[in-house]
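Here's a quick briefing on how the chains in this assembly sit against each other. Have a look at the model first, then work through the notes by topic.

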Amino acid sequence: MSTKTVAGNYFEDFTIGQEIVHATPRTVTEGDIALYTALYGSRFAATSAATFAESMGLERMPVDSLLAFHLVFGKTVPDISLNAVANLGYAGGVFGVPLYPGDTVTTTSTVIGLKENSNGRSGVVYVRSVGTNQKGEMVLDYIRWVMVNKGNLDAPAPEIVIPDLPGAVAAEDLKVPYDLAGRDYDTVLAGSPYLWDDYEVGERIDHVDGMTIEEAEHMLATRLYQNTAKVHFNQHAQAQAKIGRRLIYGGHIISLARALTFNGLANGQSIAAINAGAHANPTFAGDTVYAWSEVLERIELPGRTDIGALRLRTVATKDLPCADFPYRGEDGKYLPQVVLDLDYTVLIPRR
Amino acid sequence: MSTKTVAGNYFEDFTIGQEIVHATPRTVTEGDIALYTALYGSRFAATSAATFAESMGLERMPVDSLLAFHLVFGKTVPDISLNAVANLGYAGGVFGVPLYPGDTVTTTSTVIGLKENSNGRSGVVYVRSVGTNQKGEMVLDYIRWVMVNKGNLDAPAPEIVIPDLPGAVAAEDLKVPYDLAGRDYDTVLAGSPYLWDDYEVGERIDHVDGMTIEEAEHMLATRLYQNTAKVHFNQHAQAQAKIGRRLIYGGHIISLARALTFNGLANGQSIAAINAGAHANPTFAGDTVYAWSEVLERIELPGRTDIGALRLRTVATKDLPCADFPYRGEDGKYLPQVVLDLDYTVLIPRR
Amino acid sequence: MSTKTVAGNYFEDFTIGQEIVHATPRTVTEGDIALYTALYGSRFAATSAATFAESMGLERMPVDSLLAFHLVFGKTVPDISLNAVANLGYAGGVFGVPLYPGDTVTTTSTVIGLKENSNGRSGVVYVRSVGTNQKGEMVLDYIRWVMVNKGNLDAPAPEIVIPDLPGAVAAEDLKVPYDLAGRDYDTVLAGSPYLWDDYEVGERIDHVDGMTIEEAEHMLATRLYQNTAKVHFNQHAQAQAKIGRRLIYGGHIISLARALTFNGLANGQSIAAINAGAHANPTFAGDTVYAWSEVLERIELPGRTDIGALRLRTVATKDLPCADFPYRGEDGKYLPQVVLDLDYTVLIPRR
């Protein structure tokens, strides 16, 4: 192999405290917003209309929280997960300043945990990745951990370091870009009369609609995010692998599920935190994604009476409507049709 | 079902005079323009080049008339036609001010007609929908009527009200955003030497080219318009329905047909009115769309010698070239390959 | 056929010295940039981040060189190659000023060569096409030649004129939009430590990754460029032709290959010249494209110590990884899996 091509890091290439500045900063534009809408059909008013965003105290229309997530995530792939076997989890994801068209995101990751697997062939790498805009302001700060192959099986196992992972982002750590004080929040234009006060812990909502995924769609999305994971794009190679098909980027499912939640959570205008998440089963082109949500917590934000937060679990399925809230089997394992289990926190106006 | 999800209105939910402000205002951007070009390949110069738009007296490059139409239409779907059996017709569609990147469209509909079907299971709802920009200026004002299911079969039939539907938008009601007085209109850059004066009533034009539709394309388009009709997106559910497949949004065919008309009507820079329209047969992914047009009227615009209007019938077919102008069979019914019969009015420079 | 539709020029319609101003000028926007990223996943920093572009002395973020190429090329299709049998070659392609969002490109072609084939049914047309921005500055100036059918077989053969074709664009003719003097070029953000000085003539690089193409993707791309060649879009007609399928626009493969070269040539921020090119074999949806490159020349630019140029051959294949640099068989012909042989020159910072 040419010395000039990048093969990605293997498990033994990571060291605790290592800081990686990821290549290819990315300027987000109105073009990204249009594509994001075309890919997911998201209808949240604050990211659909400049007028609505301004009515919530924003300077102009920001991009969807998850588009920011995907851009930050995508940058990390060539360095962190090009040789990954699996994306194991997320924790402590905090969204900072909104990302506006014209902003440029740069991402830096720090290795915060390492644990070689007992088989000696791979190990788990924990990284904290921070995306910042061109002013150095934090856009997204999150932890993920992935299982990464070893390149050299003879490399010694590193000292085991497992970081403390936050259970869920605390109320005082949530950033609120909106200011509704003295403003009229228009629930008609937002698409739902239900505000923070109207949700109850334990309440479950079937989001009803289903969306079928095509190969062209998930590849357009994943390339838009400059995510280079090979399994999403190369049918020639995948056909020779056990799974036989292109795998869909897990973030594509997160965005589809979030767009479906509009029907039931239309006032959850943005995501403030990603607390935890699992891609329970793989998805492929032709699958139809459905979703349901449960309210895990109703969070009061310190010093704020205009906006609250809801901690939600959103579960996405493939080819299975969610009227019965499918989740885990009697064995405690995810049902085979469950593809996503996301624990996250949205901001939502109060009465 | 959760009380928080929206199931759409059923026939018995509509009342005469009811006004519905639709959710999710939409800011249109240059991103939408790029996607529109990628989806249809439209080549009309006024919506392709800022320089050309300015040469016609516009302040800058507007979006395609039909993109404005789709955005306005899309907003109405969750409230008007989520439970629709069929989109029956259009009338009195007038395009107002051009929509420019950065403008935000909000749509309001008024119920102007109701007629329950004799079977008592559904009824026809007539609505007038008006899309306005952030300054309150009218972008599009049109009537459509749809057959909507009853949710409660025991609901009493409403009093029958059938609105007066205009036959075609009158010359004096057409809005002309261009001003060619004292300006050179460049027919070379526009792509055709044929102007208003060169067309004759009764003249028929085969637009020659055909365009095959993929699932990913019509879904990207329909989501871009935030049109939520389930039949376009959910293969899992459609497979269980009689038709077995995802139906393509009728507006997607309108845009494809309009883009094809460039070959023969390149100077018809924008649409001023939609007089009537029928989606004669459904289309599916894999169909190849062709189109032909007939000049129905050559309209002089009051006080204008720079611009005239042509009232056109554009017929689109699937998998059938249009050299023989396929339309209706001997029984007067649309041929099975005819998918669109659109009566509309374009603005076109005069000599 | 209606006199108003355009059937494209046939071989006998071209004359030496003929100048054709192509229709539909095109304003490029940030929407085009987003779509280009989504279609190819390009990661070159100068066309991904405004901050990076500015760090190289550009006023703002330009569009990818090849997007400019496709827009200029697309304009020429309705007039030059609508009745073409084959796109035979490129020469003397020079990129001028960068194309920025908001710029409008207009293209003009001049016929510089004609040679009827001995069978009397077709002939070769050589055109020089120049794309300019709204200020009249040259964006791209290139020669291509195509084999075009005769419409009237009785038309007499024109005098044979074969233009002198440049072998490769000379160093002194390359335009350099960057100015790194006194600036820090960030190789970490660019994605590779390898600069001009690090490449050797004869060095070959396997770009490793493969990308599978879907019908929706190449059609979205080709329509975005307003390229109207029928073979790319009409499955109904193609099914009746010998090849049976939609052919993918050759330029789509050029862009895919160029995006793949990031892995090994990440600092080759833009293309300065297209010296020659052949679409060695056709590609179809479902094909997976791989690529490798060879350094043909390391070019010093007159008066510049900040930037150099590399003349490259990039070869793209279908369904064949490039670790062994597949190219020609023992008979000297391209291997059947080779789909592109492109000789071009990129600009790359020096140490």
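This is a predicted model: local features need pLDDT of at least 70, side-chain atom pairs count only at pLDDT 80 or more; totals for chains, interfaces and linings use all residues.

**Chain A against chain B**

- On the A side 46 residues are in contact, and they meet 37 residues of chain B.
- The two chains bury about 3200 Å² between them, with 60% of that on carbon and sulfur atoms.
- Which residues of chain A lose the most area to chain B? They're A:Ala38, A:Arg43 and A:Leu189, and together they make up 17% of what that side buries.
- You'll find 4 salt bridges between chain A and chain B.
- One to click on is A:Glu217 with B:Arg223, where the closest N and O atoms are 3.0 Å apart.
- Quite a list of elements in chain A supplies at least two residues each to the side touching chain B, including helix H1 (30-40), helix H2 (50-55), helix H5 (215-224) and strand E10 (288-300).
- H1(A) has the largest share of that side, at 8 residues.
- By class, the side of chain A that touches chain B splits into 23 nonpolar, 13 polar and 10 charged residues.

**Chain A against chain C**

- Here chain A puts in 37 residues and chain C puts in 46.
- The buried area between chain A and chain C is about 3200 Å², 60% of it on carbon and sulfur atoms.
- A:Lys4, A:Arg223 and A:His236 supply 23% of the area that chain A buries against chain C, more than any other three residues.
- How many salt bridges are there between chain A and chain C? The count is 4.
- A:Arg223 turns up here too, with its side chain meeting that of C:Glu217 in a salt bridge at 3.1 Å, N to O.
- For polar contacts between chain A and chain C, the rule finds 22 residue pairs, both residues at pLDDT 80 or more.
- Elements of chain A that give two or more residues to the side touching chain C are strand E2 (26-27), H1, strand E4 (104-116), H5 and helix H6 (235-238).
- H5(A) gives the most to that side, with 6 residues.

**Inside chain A: H1 and H3**

- H1(A) packs on helix H3 (residues 65-81) of chain A at about 110 degrees, and their axes are 11 Å apart.
- Since angles from 65 to 115 degrees count as roughly perpendicular, that makes H1(A) roughly perpendicular to H3(A).
- The residues that meet are A:Asp32, A:Ile33 and A:Tyr36 from H1(A) and A:Leu66, A:Leu67 and A:His70 from H3(A).
- That contact holds 4 nonpolar residues, 1 polar and 1 charged.

**Salt bridges overall**

- Why do salt bridges show up at all? Side chains of opposite charge can pair when their charged atoms come close.
- Over all chains, the structure holds 51 salt bridges.
- One of them sits within chain B, where B:Asp141 pairs with B:Arg128 and the closest N and O atoms are 2.4 Å apart.
- B:Asp141 lies in strand E6 (residues 138-149) and B:Arg128 in strand E5 (residues 122-132) of chain B, so the pair ties together parts that are 13 residues apart in sequence.

Methods: Residues are numbered from 1 along each chain as its sequence is written. Chains are lettered from A and ligands numbered from 1 in the order in which they are written. Side-chain values use heavy atoms; hydrogens and water are left out. Contact means heavy atoms within 4.5 Å. Buried area is the accessible area (1.4 Å probe) that two parts lose on being put together, summed over both. Helices (H or I, at least four residues) and strands (E, at least two) are DSSP runs, numbered from the N terminus. Ala, Val, Leu, Ile, Met, Phe, Trp, Tyr, Cys and Pro count as nonpolar, Asp, Glu, Lys and Arg as charged, and the others, Gly among them, as polar. Axes are lines fitted to C-alpha atoms, for helices over the stretch in contact, and angles run from 0 to 180 degrees between N-to-C directions. Angles under 35 degrees count as roughly parallel, over 145 as roughly antiparallel, 65 to 115 as roughly perpendicular and the rest as oblique. A polar contact is a pair of N or O atoms within 3.5 Å; within protein, one must be able to donate a hydrogen and the other to accept it, and residues adjacent in sequence count only if both atoms are side-chain atoms.
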